[in-house]
Amino acid sequence: MLSSAEIQYLLDSAKFSVLWLTTRNKAIIALMLDSGIRQNEVCTLVKKELDFDRGALQVTGKVSKDRLVPLGYISKMLLEDYLSQFLH
């Protein structure tokens with residue numbers, strides 16, 4: 001388990017001069033911490049797999065096996081922020 005300070009350190013290290021990159025990177029970090037999904041699973045996520053109402057996302061894992069994983073509050077906020085930057 002990571003402490004709050006360690007999590008904050010990870011999120012702070014995601015900062016770039018371009019806002020959408022910072023938001024994207026923080027969302028990736030939060031997703032991996034909140035749900036335990038793997039790097040490749042994050043990279044292959046598509047918007048239709050996100051269910052903000054149910055607080056879950058469908059992930060295609062190893063050997064193309066699908067599973068439903070919880071979407072944490074912080075991940076949800078960061079993903080909504082990231083998506084809103086592109087859906088004006």
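**Close-up views of a predicted model**

**Figure 1. The hairpin of β2 and β3.** Strands β2 and β3 form a hairpin with 5 residues between them, and Val63 in the turn has a positive phi of about 50°. The structure is a predicted model, in which local features need pLDDT of at least 70 and side-chain atom pairs count only at pLDDT 80 or more, while totals for chains, interfaces and linings use all residues. Residues are numbered from 1 along each chain as its sequence is written, and side-chain values use heavy atoms, with hydrogens and water left out. Helices (H or I, at least four residues) and strands (E, at least two) are DSSP runs, numbered from the N terminus. Ser64 lies in the loop between β2 and β3, and its phi is near 55°, a positive value in a residue other than glycine. Most residues other than glycine have a negative phi. Ser64 is exposed, with a relative accessible area of 62%; buried means under 20% relative accessible area, exposed over 50%, and partly exposed in between (1.4 Å probe, protein chains only).

**Figure 2. Pairing within the sheet.** An open sheet is formed by 3 strands in the order β1-β2-β3, with antiparallel pairing. At the edges stand β1 and β3 (66-70), each with a single partner strand, so one side of each is left without a neighbour in the sheet. Two strands pair if DSSP finds at least two bridges between them. Strands β2 and β3 run antiparallel and are joined by 5 bridges. Ala56 has Pro70 in β3 as its bridge partner, and Gln58 stands opposite Leu68 in β3. The antiparallel pairing of β1 and β2 extends over 2 bridges, and Leu50 stands opposite Leu57 in β2.

**Figure 3. The hairpin of β1 and β2.** This hairpin has 4 residues between the strands, and Gly55 takes a positive phi near 70°. Arg54 lies in the loop between β1 and β2 and is exposed, with a relative accessible area of 58%. Although Arg54 and Leu71 are 17 residues apart along the chain, their C-alpha atoms are separated by 8.5 Å.

**Figure 4. The largest nonpolar core.** This core has 15 residues, and those with the most contacts inside it are Leu31, Ile37, Leu57 and Leu79. Helix α2 (19-35), strand β2 (56-60) and helix α4 (73-84) each supply at least two residues of the core. A nonpolar core is a set of buried Ala, Val, Leu, Ile, Met, Phe, Trp, Tyr and Cys residues joined through side-chain atoms within 4.5 Å. Leaving aside neighbours within four places in sequence, Leu57 is in contact (heavy atoms within 4.5 Å) with residues including Leu31, Ile37, Leu45, Leu50 and Leu68. Glu49 and Arg67 are also among the contacts of Leu57.

**Figure 5. The surroundings of Leu45.** Leu45 is found in the loop between α3 (39-43) and β1 (50-51). Residues up to four places away in sequence not being counted, Leu45 touches Leu31, Ile37, Leu57, Gln58 and Val59. The C-alpha atoms of Leu45 and Val59 are separated by 7.0 Å, the two residues being 14 residues apart along the chain.

**Figure 6. The largest pocket.** The largest pocket has a volume of about 240 Å³. Of the 13 residues that line the pocket, the closest to its centre are Leu31, Val42, Leu45, Leu79 and Tyr82. Helices α2, α3 and α4 are the elements that give two or more residues to the lining, and α2 gives the most, with 4 residues. The lining divides into 11 nonpolar, no polar and 2 charged residues. Here Ala, Val, Leu, Ile, Met, Phe, Trp, Tyr, Cys and Pro count as nonpolar, Asp, Glu, Lys and Arg as charged, and the others, Gly among them, as polar. On a 1 Å grid over the protein atoms alone, a pocket is an open set of points where a 1.4 Å probe fits, with protein on both sides within 12 Å along at least five of seven lines; lining residues have an atom within 4 Å of a point. Grid points are joined across faces, edges and corners, and a volume is the space filled by probe spheres set on the points.
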